[in-house]
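Hello,

Here is the structure I promised to pass on to you. Have a look at it first, and then read on for what turned up.

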Amino acid sequence: MLSCRFTILTAMLAASLAAAAQTSTTLKDAYRSSFHVGAAINEAQIAGTDARGAEIAATQFDSITPENVLKWERVHPKPGVYSFDLPDKYVAFGEKHHMFIVGHCLVWHSQVPDWVFEDGTGKPLTRDALLKRLRDHIFTVVGRYKGRIQSWDVVNEALNDDGTLRQSKWLKIIGDDYIEKAFEYAHEADPQAQLNYNDYSLENEAKGRGAIALIEKLQAEGIPVAAVGIQGHDSLDWPSIEQEDASIAAFAKLGVKVAISELDIDVLPPVAPGSADVSMTLKADPKLDPYVNGLPDAVQEALAKRYAALFRVYLKHRAELSRVTFWGVTDGDSWRNNWPVRGRTSYPLLFDRSGQPKQAFYAVIQAAARPGLSHGSDAIPIEGR
Ligand code: XIL
């Protein structure tokens, strides 16, 4: 009896996996009733020189984030000089395809030129002068896309791993309230935009606690923070399903939306655990780059299962999630090929280097169709389905 049931179940599972393999369902359609599914798009996709990548983005996703073109060093490279060519094309792409358009990012310690913090003679700016510069930047950039970019990552990565505030130049010159000021300016520039605090490793306890305290402080001061972006630069074993589940729940409890804002899952050997700072780049070493000739089936499958497990958590929290955005379109585009080690062959996304959907793609589609279906011991109960 039991073995008969098992056989039927196995047959059903095989049939549904086969159906998924044939599917023409897209990511955005599979999750339409739950949350937006987005991708960060790069310069080549925005400019149209990577037509294949742009086509995948337009077909599969209903939200976009600019991987680099709206970062300070790109959009505002010199005093008084703004470079809006690619950002304009970026926003037009999103509008053409009726997407939820994200702006990334206004205040960050990285990819911001040194001149921003200095006067004409190279001396550090005063608090007031830097606040004025910040306000001008935010008004110019957010103001240009008012009503068109729906959601802005206002402050990115302001916290250390222990939950304290990062000693960035922003903090050193302006003081702790640079965060409040950035949100105030962005809100003034576009009162309708959804404003986000965005960071990595928020699933870890100390940093998560720091982020919760920060959001509570902003809320107590009446700062309009609408969402927390959990970046989601994950690996096969971090964060645990329980961590992810608890982290989303903890932010949702504060009354803010949650965005999974930069999702990718690294399958390569970890280096220097404990730090996810973007400024970290380590020396290449063949031992750290084992899959230059392709990803073994077992790892492909492990990646698919891991994606399915995470998407089941996202579905559980679909009322609290605004979007799940992948950090890139295909594996070849991913920053993970160059971080934290330069020049590795990484496989963190749902589309391979030739633009073909991977097993992980079908697993994510499948998770939407059958969210309760177990993919192993890490399955969690899904409520409300
Ligand atoms: C990365 C881009 O993907 C790279 O192309 C760039 O060289 C460095 O930045 N956290 C963020 C993103 O908020 O902006 C970063 O993007 C990845 C980590």
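Let me begin at the ligand: a polar side-chain atom of W327 lies 2.9 Å from one of the ligand's oxygen atoms. On its own the ligand has 420 Å² of accessible area, and the protein covers 82% of that. Please bear in mind throughout that this is a predicted model.

K71 has a side-chain N or O atom 2.7 Å from an oxygen atom of the ligand, and for H104 the distance from a polar side-chain atom to a ligand oxygen is 2.7 Å. In total, 13 residues surround the ligand, and the closest are E67, K71, H104, N156 and E262. By type, this shell consists of six polar, four charged and three nonpolar residues.

Is T325 buried or exposed? With a relative accessible area of 0%, T325 is buried, since anything under 20% counts as such. The side chain of T325 makes a polar contact of 2.9 Å with the side chain of R323. Setting aside neighbours within four places in sequence, T325 is in contact with G38, A39, A40, S63, T65, I260, S261, E262 and L263.

How much of α12 is buried? The count is 14 of its 20 residues, so α12 is largely enclosed by the rest of the structure.

Finally, the overall picture. The protein has 385 residues, and 54% of them are buried. Its secondary structure comprises 13 helices and nine strands. Among contacts with a separation of 6 or more, 80% are between residues 24 or more positions apart. The accessible surface of the protein is about 16,400 Å², and carbon and sulfur atoms account for 54% of that surface.

Best wishes

Conventions: Residues numbered from 1 in each chain as written. Predicted model: local features only at pLDDT ≥ 70, side-chain atom pairs only at ≥ 80, totals over all residues. Heavy atoms only, no water. Near = heavy atom within 4 Å. Polar contact = N/O pair within 3.5 Å; in protein donor to acceptor, adjacent residues only side chain to side chain. Areas by Shrake-Rupley, 256 points an atom, 1.4 Å probe, with all protein chains shown as cover. Nonpolar A, V, L, I, M, F, W, Y, C, P; charged D, E, K, R; others polar. Buried < 20%, exposed > 50% of the residue type's maximum accessible area, 1.4 Å probe, protein only. Helix = DSSP H or I, 4+ residues; strand = E, 2+ residues; numbered from the N terminus. Contact = heavy atoms within 4.5 Å.
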